[in-house]
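Student: I would like to go through the labels attached to this model and see what each one rests on. Take them one at a time, please.

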Amino acid sequence: MSRKSQNQTRTILPDSRFHSEIVTRLINRSMISGNKPAAQKQVYAALDLLEKEVKSEDILTTLEQALENLKPKVEVRPRRIGGAVYQVPTPVRGSRQYSLAIRWLITAARKRPNKQFHTFAEKLSAELKAALNDEGAALTKRQEVERMAEANKAFSHLRW
């Protein structure tokens, strides 16, 4: 039996403009060196750009649809059995699905070239639009993770 206690999940306060926890998580993840006002400015600008490009009446449902396309269903986790380490496919919990989707979205947006997009808001908006259309680097990452789980499904009986 493990001596380690269960992790406590922190409550996330909704953001001031959209009153959404998902937008807060997006802001917190895109923050660099604790500069939250700058991150808020960039994320809100990205959502405004996305709203103009997609022409939707509710930007929050558009954002949730983009994240829904990025959320992984299964992932592999290492499991050590008898000196060998197996990559065991396991289903992903709901909160982790959002965390992974947001992490992949921010990473893909940061890796976009500066020649085409000048600000982080433009990059994030373009990546969100690509996720809505089922394309982009973040979606490629999700497909890669699910492909790895599919390749290792022979070890799914080792799940605990």
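Tutor: In this predicted model, the buried residues of helix 6 are Ala138, Leu139, Arg142, Val145 and Ala149.

Student: What makes Arg142 buried?

Tutor: Arg142 has a relative accessible area of 18%. Buried means under 20%, so Arg142 is buried.

Student: How do you know that the buried residues line one face of helix 6?

Tutor: Looking down the axis of helix 6, the buried residues fall within an arc of 120°, so they line one face. Arg147 and Ala151, on the other side of helix 6, are exposed.

Student: What do the buried residues of helix 6 pack against?

Tutor: They pack against helix 3 (59-70), strand 1, strand 2 (84-91), helix 4 and helix 5 (120-132).

Student: How do you know that the span of helix 6 agrees with its number of residues?

Tutor: Helix 6 has 15 residues, and at 1.5 Å a residue these should span 21 Å. The end C-alpha atoms are 21 Å apart, so the two values agree.

Student: Why is the contact between Glu146 and Arg142 called a salt bridge?

Tutor: The N to O distance between the side chains of Glu146 and Arg142 is 3.7 Å. The cut-off is within 4 Å, so the pair counts as a salt bridge. Both residues lie in helix 6 (residues 137-151), four residues apart, about one turn of the helix.

Student: What makes Glu75, Arg77 and Arg96 one network?

Tutor: Salt bridges that share partners join them. Glu75 meets Arg77 at 3.5 Å, N to O. Glu75 also forms a salt bridge with Arg96, where the closest N and O atoms are 2.9 Å apart.

Student: Why is Glu75 called buried, and why are Arg77 and Arg96 called partly exposed?

Tutor: Glu75 is at 8% relative accessibility, and the limit for buried is under 20%, so Glu75 counts as buried. Partly exposed falls between that limit and 50%. Arg77, at 35%, therefore counts as partly exposed, and so does Arg96, at 24%.

Student: How do you know that the charged end of Lys71 sits over the ring of Tyr98?

Tutor: The charged end of Lys71 is 4.4 Å from the ring centre of Tyr98. The distance limit is within 6 Å, and the direction must also lie within 35 degrees of the ring normal.

Methods: Residues numbered from 1 in each chain as written. Predicted model: local features only at pLDDT ≥ 70, side-chain atom pairs only at ≥ 80, totals over all residues. Heavy atoms only, no water. Buried < 20%, exposed > 50% of the residue type's maximum accessible area, 1.4 Å probe, protein only. Helix = DSSP H or I, 4+ residues; strand = E, 2+ residues; numbered from the N terminus. Expected span 1.5 Å × (residues − 1). Arc of directions from axis to C-beta. Contact = heavy atoms within 4.5 Å.
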